[in-house]
Amino acid sequence: MWIANNWKDYEVIDCSKGEKLERWGKYLLVRPDPQVIWDTPKTEKGWRKMNGHYHRSAKGGGEWEFFDLPEQWHIHYGSLTFNLKPFSFKHTGLFPEQAANWDWFSEKIKKAGRPVKVLNLFAYTGGATLAAAAAGASVTHVDASKGMVTWAKENAVSSGLKDAPIRWIVDDCVKFVEREIRRGNHYDAIIMDPPSYGRGPKGEIWKIEDAIYPLVQLCGQLLSDDPLFFLINSYTTGLQPAVLSYMMNTVLKKYHGTVAADEIGLPVSSNGLVLPCGASGRFER
């Protein structure tokens with residue numbers, strides 16, 4: 001498992017009975033997590049002193065309950081600064097487990113010894129975009145949500161990357177890739193973090209099981225002749241590491257690189273165990 005264990009401003013303190021107790025800077029949140037199927041004693045005092053609690057509804061969705069939590073605050077990861085705010089469906093605007101991947105590709109970019117062009121698809125609030133830019137890459141950031149792209153720009157400003165070579169694109173990711181192929185553009189690295197289900201800016205439906213393989217095939221056409229890496233993240237139960245590995249080996253075979261896939265996780269500080277948080281597939285040369 002690839003573990004995001006370099007955080008100072010974030011930690012999973014404990015998890016039990018479908019929920020996890022997390023520290024985001026100086027604030028404690030309790031949020032649901034479907035992986036947490038065990039029922040262990042909630043002895044950590046944070047369970048009783050939380051600043052925010054997301055309650056899942058039996059009818060689907062849910063709502064936040066706040067106890068002395070600001071509308072927005074920030075945390076740091078190395079030189080990066082992320083603006084956080086609790087919003088729809090339990091999220092805060094950041095997936096901390098992705099730091100395991102940020103560390104991996106940041107080293108690859110720094111050691112490349114050449115300019116690196118990165119395409120970040122389904123780029124959300126820009127964690128991977130900022131990590132790649134801070135490592136020295138030029139990045140094209142694509143997301144269908146204008147609000148998420150605006151949030152990512154705010155994170156870039158907070159991280160001192162306002163003037164970094166980042167292109168901000170609000171677009172349907174598949175359509176953008178198709179246009180880039182027609183334009184003859186190429187990238188040295190591609191990152192994608194596709195949702196299980198979503199809609200594009202014009203109502204286009206995205207269902208990952210049907211759409212992911214054709215998109216990876218399209219992205220294979222966008223890679224430069226000497227690609228540095230290709231990263232796919234999955235939070236969908238059906239897309240296990242072995243599935244990501246098989247798919248990437250099939251599409252990227254001509255580049256003669258290596259593919260590795262594994263779970264990503266976060267350490268739980270109260271017991272030394274690791275909470276699984278999805279899967280990633282990595283191609284590199």
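**Setting values against definitions**

Colleague: What makes Glu11 partly exposed, and not buried or exposed?

Modeller: The relative accessible area of Glu11 is 24%. Buried means under 20%, exposed means over 50%, and partly exposed is what falls in between, with a 1.4 Å probe and protein chains only. The value for Glu11 lies in between, so Glu11 is called partly exposed. This is a predicted model: local features need pLDDT of at least 70, side-chain atom pairs count only at pLDDT 80 or more, and totals for chains, interfaces and linings use all residues. Residues are numbered from 1 along each chain as its sequence is written, and side-chain values use heavy atoms, with hydrogens and water left out.

Colleague: How do you know that Arg23 forms a salt bridge with Glu11?

Modeller: A salt bridge is a side-chain nitrogen of Lys or Arg within 4 Å of a carboxyl oxygen of Asp or Glu. For Arg23 and Glu11 the closest N and O atoms are 2.8 Å apart, so the pair passes the rule. Arg23 lies in strand β3 (residues 19-24) and Glu11 in strand β2 (residues 10-16), so the bridge ties together parts that are 12 residues apart in sequence. Helices (H or I, at least four residues) and strands (E, at least two) are DSSP runs, numbered from the N terminus. Arg23 has a relative accessibility of 22% and therefore counts as partly exposed.

Colleague: Why is Lys108 called buried?

Modeller: Its relative accessible area is 15%, which is under the limit for buried, so the word applies. Lys108 lies in helix α1 (residues 99-111).

Colleague: What makes Lys108 and Glu284 a salt bridge?

Modeller: Their side chains meet at 3.0 Å, N to O. That is within the limit, so the pair counts. Since Lys108 is in helix α1 and Glu284 in strand β17, the bridge ties together parts 176 residues apart in sequence. Glu284, at a relative accessible area of 26%, is partly exposed.

Colleague: Which other residues are linked by salt bridges in a network?

Modeller: Arg114, Asp188, Asp226 and Arg285 are linked in this way. Within that group, the side chains of Arg114 and Asp188 meet at 3.3 Å, N to O. Arg114 is in the loop between α1 and β9 (117-121), while Asp188 is in the loop between α4 (173-183) and β12 (189-192), 74 residues apart. Asp188 counts as buried at 11% relative accessibility, and Arg114 as partly exposed at 29%. By the same rule the count comes to 12 salt bridges.

Colleague: What makes a group of residues a nonpolar core?

Modeller: A nonpolar core is a set of buried Ala, Val, Leu, Ile, Met, Phe, Trp, Tyr and Cys residues joined through side-chain atoms within 4.5 Å. The largest one here has 50 residues, and among those with the most contacts inside it are Trp7, Trp102, Ile109 and Phe229. Helix α1 gives the largest share, six residues. At least three residues come from each of domain 1 (2-84) and domain 2 (96-284), with bounds taken from an automatic or database domain assignment. A second, separate core of 33 residues includes Ile190, Leu222, Phe230 and Phe283.

Colleague: How far apart are the two domains, and how many residues of each take part in the contact?

Modeller: Their centres, taken over C-alpha atoms, are separated by 24 Å. The contact takes 26 residues from domain 1 and 32 residues from domain 2.

Colleague: How many helices and strands does the protein chain have, and why is the chain called as compact as a globular protein of that length?

Modeller: The chain has six helices and 17 strands. Its radius of gyration is 19 Å, close to the 19 Å that the globule rule gives for 285 residues, so the description holds. The radius is taken over C-alpha atoms, and the rule is 2.2 Å times the number of residues to the power 0.38.

Colleague: What percentage of the chain is buried?

Modeller: Buried residues make up 53% of the 285 residues.

Definitions and conventions. Contact means heavy atoms within 4.5 Å.
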